[in-house]
Amino acid sequence: MNMTGQHGDSLPDHWVTQAKTFLEQLQTVSDENTQSLPNGPRSPIPHPSPHAPSIDSPIAINTSLAMEPLFPKLQPLDPDESPMRIIWIEPKAHAEPDFAQALNSLSYHCFVIPAKLALEVQGMFPNNIWITNGRGGQMSQNQIQKMALDANVEVLAEEWITVLFELLKRTSLFDVKLMTFDDFFDALTTPASSPHWPALHGADLILAWGDLSIDFMGPNNPYGWNAASFNVFFSALLRLAQVTAIWPDPAENITYGNKISYLSDAAAVARHHGYETPAIFVVDNPEELNTLAPGRIYKRGYSDCSAHVFFSGRPDLDKKSMGTVEAMRAAVKVGQESYAGVDGGLGAIVPQWFTMPYLDSVNNKFGELRVIFVSGKVTHTTATTGLGFIGCSEVRNVTPLHKLMNELSDEPMNVWEAEEARRRFEQFATDMLIGLIEIREKRDKRPSDLRLFARLDIAVYRHPDQTWRYFLSEVEAGVSTVLFLREDTQCLIERVLVSSLCDNFFTKARMRRKNLLV
């Protein structure tokens, strides 16, 4: 795949106008920069700090900031403009060792694609995609060798691979290169000897490199690095992000991975809009805890799928003790050892423990509504129950809070109640998303990738006045985010979601090419 092309191409008038509007909305560049579009070296992008303010820190929100569109719409290539140079890195966060485990993973789903594309991606990312026999099993190597390359085949693939296939299909807009994570890691840590470094440095956009919202330094992390090698890798990644667009943005990704960062921001947003939220407190010196307070739940940053969740009164869940202080202290010790010396160029990275009221409405009764945004627009919402997504279902209608009895969605309701419930729910979710973007961009003086994609996990709690209220429990915005496409059996959600993400990746790449993403 050809990686050539020019970075200094001139801009059409309509693109200049839209780009200026976008940058004015962000308020992250000076008037001088928006008036003059540079043709020289790419402008460096500043990066934020991973250290969150106190959970009670007052943060001003500028409600006059125009937020539409959250991400510019797709514009056509200029007649003489080459396709966007995209490098897709092997996604490791949800890689599976075999077909059977992938079949049972919520992060995988089946869909049909041309055999030629399936073989191309499988050859590079064998732990992210399998070709099926169309009857729930894996196709044998003998069958694969005999199939026609122009035929369509069913594959079982990690959800984000669906986006990769759409990029590969859009040959007029994207020139896509696949790269294994090991080659990517080597290129960043030993660029002088890596044949892949020039391609990375010349790309318009690098996608799917990793996700640091998980336990990325834990004993079972999928990347295989230690503190020393991670620090070299991540420092180089931050430098690369100053000249090449990268998604997810590495600095923002590691900041949000700590959880306390967006929880403190979310508390400020909720107060601004008059929403009330359960009180959250940082746990200082968690290794010295003598007991798990009744009625409280303890969580940690840099963790997903309830891997670091502890609370009293629940002795065992999935063969892992979650109800003893001894188990929590052991987890604290492992975390301290795993993250000792981790820096990466943004200061010490230390997972923070925090505590909040144990809400039976979240953990046992109702679960959560997980709403996915692309360009600030809701693509779909999935209801989940239990810790670690024990059950999930596509949401057709959000249950009105005043009628909440058993399910957060699809309880008996009339059409007017359904319409009002959806409006209230999506208004809450949108208020929280826009507020998080505003705070993050004011603090970091740079665009937030939450504009491009985000999943907000929303739960309910019983207010003292006995009414049910929404609150934001978690934000996911990286390549390990579960999209719940397995529930989308007819691919109706997938078509809109994937097409919209590809459009946004094109726009992000093009703005970086034109030196506008500053």
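Let's start with helix 14, which gives the most to the lining of the second largest pocket: eight residues. Helices here are DSSP runs of H or I with at least four residues, strands are runs of E with at least two, and both are numbered from the N terminus. Keep in mind that this is a predicted model, where local features need pLDDT of at least 70, side-chain atom pairs count only at pLDDT 80 or more, and totals for chains, interfaces and linings use all residues. Residues are numbered from 1 along each chain as its sequence is written, and side-chain values use heavy atoms, with hydrogens and water left out.

Back to that pocket. It holds about 410 Å³ of space. Of its 19 lining residues, Leu401, Glu420, Arg424, Trp468 and Tyr470 are the closest to its centre. Sorted by class, the lining has nine nonpolar, four polar and six charged residues. (Nonpolar covers Ala, Val, Leu, Ile, Met, Phe, Trp, Tyr, Cys and Pro; charged covers Asp, Glu, Lys and Arg; the others, Gly among them, are polar.) A pocket, by the way, is an open set of points on a 1 Å grid over the protein atoms alone, where a 1.4 Å probe fits, with protein on both sides within 12 Å along at least five of seven lines; lining residues have an atom within 4 Å of a point. Points are joined across faces, edges and corners, and the volume is the space filled by probe spheres set on them.

Two strands count as paired if DSSP finds at least two bridges between them. Strand 15 (residues 453-462) and strand 16 have eight, in the antiparallel sense, and Val460 has Tyr470 as its bridge partner.

There's also an open sheet of four strands, in the order 5-1-6-7, with parallel pairing. Strand 5 (174-179) and strand 7 (245-247) sit at the edges with a single partner strand each, so one side of each has no neighbour in the sheet. Strand 6 (residues 205-207) pairs with strand 7 in the parallel sense over three bridges, and Leu207 stands opposite Trp247.
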